[in-house]
Amino acid sequence: MMRAFLTSAARNWPVSLGAILLLVILFMALTAGIFFPEGPYVSVGRPLQWPGDLAGAPMGTDALGRNMAAGIFYGARISLLVGFASVAVALIFGIVVGAYAGYYGGWIDNLLMRATELFQTIPQFMLAIVVVAIFGPTIKVIVFALAVVSWPAIARLVRGEFMVIRERAYIQGCIVLGMKDTRIIFTQILPNALSGVMVMSTVLVATAILMESALSFLGFGDPNVITWGSMIGSGRNNMRDAWYIITIPGLCLLITALALNLVGNGLTDLMNPRLRKRKVK
Amino acid sequence: MSTSSRSRPWIFLGKRLAYGLLAILAIAVINFFLLKMAPGDAAEAMAGEAGTATPEYIAELRAQFGLDQPVLVQLGHFLARLATFDLGYSFRYGEDNVTLIFDRLPATLMLMSASLLVAVIGGIIFGVTAARYANRAPDQAISLVALLLYATPPYWIGLILILVFSVWLGWTPTSGMVDVLAFNTGWAHVVDVAHHMILPALTQAFFYLAIYIRLVRAGMLDVLSLDFVRVARAKGISESRIMYRHALRNAVLPLLTVVGTNLGGFLGGAVLTETVFSWPGVGRLMFDAMFARDLNLLLSILVLSSAFVVLTNLVVDLLYVVINPTVELK
């Protein structure tokens with residue numbers, strides 16, 4: 001079973017490519033302190049040096065003479081941290097809301113789903129900006145803000161899965177056995193509903209990373225850390241002559257989001273045998 | 001089956017309208033409590049703006065705006081003012097918040113319609129082409145581009161477009177909505193605005209273009225395997241006609257729903273696009289309000305934008321019923 005899964009994963013090259021790219025980004029995030037112990041803020045040479053002009057700064061220097069490569073490595077930390085943390089928070093909330101709505105149905109479902117739809121109506125990026133405006137631009141607040149805009153999609157998906165699984169015979173069996181609702185929800189239904197949620201999560205992490213970068217780009221990010229978005233934002237002023245400053249972090253964002261999407265799409269194909277069949281035809 | 005509910009469309013309309021109003025009310029309440037959670041209140045903010053911040057003055061302001069009342073009373077006042085379209089006054093701009101927002105609305109709506117049009121038409125053309133050549137070279141190329149567009153930060157695409165088409169090639173202006181030195185009127189003005197709108201509209205369209213391409217492609221693939229398409233082919237109808245006249249009609253319905261749910265996304269994206277291109281719309285106003293720490297204006301923009309999405313979704317719902325006669329009214 002596991003072996004078959006792995007061989008099909010190898011044959012499914014987009015997933016493998018996505019996983020490798022993700023590992024590269026993760027490697028950058030983990031080794032930032034080893035390769036650049038001085039941190040991303042120190043000036044390492046003359047400002048606006050093109051990539052290759054200055055030994056030790058393979059991606060060039062920015063307008064303050066800071067090492068672009070260091071910014072990219074440290075920025076990877078923030079992107080991954082914010083992306084995964086916000087989706088983790090959103091998962092907890094979305095799963096609880098979706099599970100209760102789908103399991104109980106009726107007015108509970110009605111109420112929870114109306115609330116979910118409400119949050120989907122509010123323009124997401126604007127809501128994130130307002131949350132940051134109110135609670136201040138720190139990493140914690142940004143994680144919270146992105147979780148606030150990410151959970152409705154999870155809740156809707158989980159609800160759908162729960163409504164289907166709830167009707168299965170083994171769940172009826174659990175009820176007859178006198179199992180408590182909470183136990184049925186979290187130990188009997190949830191494990192069977194998780195595969196779709198995991199796929200959606202990878203795509204949501206990509207969206208969250210892009211949104212964090214957008215907040216940083218506008219100058220609404222945490223001012224105490226360097227992020228890919230803030231590098232693009234400050235590079236705007238030197239766009240005409242030193243366009244590598246906006247290009248390199250942008251490509252990093254593109255690669256990260258692409259990798260997550262490749263993994264997500266690939267997992268859908270792997271886990272959905274019906275789709276696989278259609279492809280063969 | 002649907003005749004009974006279809007014969008009484010007013011009940012359906014009334015229900016939807018009531019739900020829409022309830023949604024706007026809920027959004028307003030959420031906003032009120034968000035504002036309450038912010039450190040400091042409106043009186044302190046105003047006193048700060050005015051430059052005289054004696055405790056007596058702040059207390060006087062609090063009493064004047066009812067901020068010394070219980071929270072629920074304040075909520076009541078807030079909703080009552082909202083009902084009369086009073087969203088407060090921006091001391092930063094010296095103008096009513098509602099006036100400020102409505103002044104900027106046309107620019108945003110224009111940009112939004114243009115990018116929506118690009119995304120939908122492009123999504124249909126590329127999606128149909130991809131489905132027509134499923135799993136062959138054109139499909140793979142289109143799907144790859146869609147994948148890339150979906151993963152690219154939209155504001156970054158905007159910057160790259162400026163770099164290529166404005167800075168290097170000099171084809172388009174870098175920012176703004178009109179050439180302020182030209183004083184164009186009539187047709188020249190329209191052409192000028194359109195010229196300025198090309199890059200921002202494309203920037204805002206790309207992300208959704210990626211979504212719509214996938215959606216149309218998937219929908220078309222589902223429809224193309226149905227019997228009526230085989231019959232159409234057997235009758236010798238040309239492939240393009242089968243695609244665009246027979247299959248597309250059935251595949252395009254889900255697109256309408258998705259476009260409706262994306263409207264909020266378009267408005268949120270406007271903050272980025274309008275900031276990158278200095279487009280004088282609501283998004284740019286939100287950016288400025290954020291920098292000026294004008295919380296009240298920020299929340300007003302959020303409330304009105306949400307209300308706008310609720311209302312347009314109502315219209316989309318109705319359109320859906322008109323376009324697809326098999327939909328039952330609930």
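User: Which pattern does chain A follow when read along the sequence?

Analyst: In this predicted model, the secondary structure of chain A comes to eleven helices and zero strands. The pattern is α-α-α-α-α-α-α-α-α-α-α.

User: What share of the residues of chain A count as buried?

Analyst: The C-alpha atoms of chain A, taken along the principal axes, fill a box of roughly 75 × 50 × 35 Å, and among its contacts between residues at least 6 apart in sequence, 71% join residues at least 24 apart. With buried taken as under 20% relative accessible area, the share for the 281 residues of chain A is 51%.

User: Which helix of chain A gives the most to the lining of the largest cavity?

Analyst: The count comes to one cavity of 30 Å³ or more, and about 30 Å³ of space lies in the largest cavity. Its lining is made up of A206(A), T207(A), L210(A), N261(A), Y150(B) and F207(B). With three residues, the leading contributor from chain A is helix 8 (residues 181-218).

User: How many charged residues does the lining of the largest cavity have?

Analyst: Sorted by class, the lining holds four nonpolar residues and two polar ones.

User: Why does the largest nonpolar core lie between domain 1 and domain 2 of chain B?

Analyst: This core has 169 residues, of which F125(A), I129(A), F162(A), L218(A), Y155(B) and M220(B) touch the most other members. It lies between the two domains because residues are given to it by both domain 1 (3-95) and domain 2 (104-323) of chain B.

User: Which residues is M220(B) in contact with, leaving aside its neighbours within four places in sequence?

Analyst: M220(B) is one of the residues that touch the most other members of the largest nonpolar core. Once its neighbours within four places in sequence are left aside, the contacts of M220(B) are V128(B), A131(B), M243(B), A247(B), L248(B) and A251(B).

User: How far apart do the C-alpha centres of domain 1 and domain 2 of chain B lie?

Analyst: The domain assignment of chain B gives domain 1 as 3-95 and domain 2 as 104-323. Across the two, 20 residues of domain 1 are in contact with 20 residues of domain 2, while the distance between their C-alpha centres is 32 Å.

Key:
Residues are numbered from 1 along each chain as its sequence is written. Chains are lettered from A and ligands numbered from 1 in the order in which they are written. This is a predicted model: local features need pLDDT of at least 70, side-chain atom pairs count only at pLDDT 80 or more; totals for chains, interfaces and linings use all residues. Side-chain values use heavy atoms; hydrogens and water are left out. On a 1 Å grid over the protein atoms alone, a cavity is a set of points where a 1.4 Å probe fits but cannot get out, and a pocket is an open set with protein on both sides within 12 Å along at least five of seven lines; lining residues have an atom within 4 Å of a point. Grid points are joined across faces, edges and corners, and a volume is the space filled by probe spheres set on the points. Helices (H or I, at least four residues) and strands (E, at least two) are DSSP runs, numbered from the N terminus. Ala, Val, Leu, Ile, Met, Phe, Trp, Tyr, Cys and Pro count as nonpolar, Asp, Glu, Lys and Arg as charged, and the others, Gly among them, as polar. A nonpolar core is a set of buried Ala, Val, Leu, Ile, Met, Phe, Trp, Tyr and Cys residues joined through side-chain atoms within 4.5 Å. Buried means under 20% relative accessible area, exposed over 50%, partly exposed in between (1.4 Å probe, protein chains only). Domain bounds come from an automatic or database domain assignment. Contact means heavy atoms within 4.5 Å.
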